[in-house]
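Let's take a walk through this one together. Have the sequence and the model side by side as you read.

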Amino acid sequence: MPIALVSDSTSDIPLELIQKHHIHIVPNILVINGDSFKDGEGISRDEFYRLLPEMQTQPTTATASSGTYQELYERLLSLGAESVLSIHTSPLLSGIFNAASAAAHLFGGRVHVIDSGSISLGLGFQVLAAAEAAAAGANMQSLVDLLADMRDRIRVTAMLDTLEYIHRSGRVSWARARLGSLLRIKPFLEVKEGKILRLGEVRTRRNGIRRLNDLLQEARPFERLGILHTNAEEQAAEFAAELQTYFPFPLLIVNVTTVIGTHVGPNGLGFAGIVA
């Protein structure tokens, strides 16, 4: 393996694609009532989102340590990788990039850490594209150039069921105030260049799904597209089925990782894509 691919669990890449493309995923940490869980272990996404509204204390999240990344990089290089490409969520959203970068400095340029500028499948699609190109023989500079081009074409948009969880998280400045009646609206968010931008809101979920479809259609055409949800599986499947006729490739449907979901809450619905 001339180039090994690494990412973290906020990439939301389905397990079958992780295995198919030999991608190495570092789990982040979910903390519930003082108990720490590696992302994807100990509590399922379905169970987490069912329990979240009843939790008295807001769950928190943590980044895997730089030592965890160092150990993985060492193992991959010792197993025959000539270099490692490690692609992660934006440092504006998480400490993951900084932890990976701190570990990468120990390997004399053999580990390249890339800021995807995105999250969930906005990150995951970049990792998949890099893995496919690496398998076809692309060198490191070609992969870096590919990702730089893709970064400008990422679209990640979501409708939340409530502003409550992102308000609780305290991570988004505009969500810290004016809560009150805003809990009853359905806010729209976009992740762009590592920033969470507000796209307005609607009063009803039906209108929200209609607007989400409008935003997706305005962004077409896509070369990759996935439907994101936080335990809104039935609506996500219906949304994907309505859209599938427009696309010659199957749409991914992903129940977003708990490490992201703790900040956005259950019943969110959105999409992530790479504009062609």
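Is Gly 194 buried or exposed? Its relative accessibility is 3%, so Gly 194 counts as buried (buried is under 20% relative accessible area, exposed over 50%, partly exposed in between, with a 1.4 Å probe and protein chains only). Before going on, note that this is a predicted model, where local features need pLDDT of at least 70, side-chain atom pairs count only at pLDDT 80 or more, and totals for chains, interfaces and linings use all residues. Residues are numbered from 1 along each chain as its sequence is written, and side-chain values use heavy atoms, leaving out hydrogens and water.

Back to Gly 194: you'll find it in the loop between strand E9 (186-192) and strand E10 (195-202) (strands are DSSP E runs of at least two residues, helices H or I runs of at least four, numbered from the N terminus). Setting aside residues up to four places away in sequence, Gly 194 touches Ser 90, Leu 92, Leu 93 and Gly 117, where contact means heavy atoms within 4.5 Å.

Now for the core. The largest nonpolar core has 41 residues; such a core is a set of buried Ala, Val, Leu, Ile, Met, Phe, Trp, Tyr and Cys residues joined through side-chain atoms within 4.5 Å. Helix H5 (residues 121-135) supplies the largest share of this core, nine residues. Ile 23 is among the residues with the most contacts inside the core. Beyond its neighbours within four places in sequence, Ile 23 contacts Leu 5, Ile 13, Leu 17, Ile 18, Val 127, Leu 128 and Ala 131. In soluble globular proteins, nonpolar side chains tend to be buried together.
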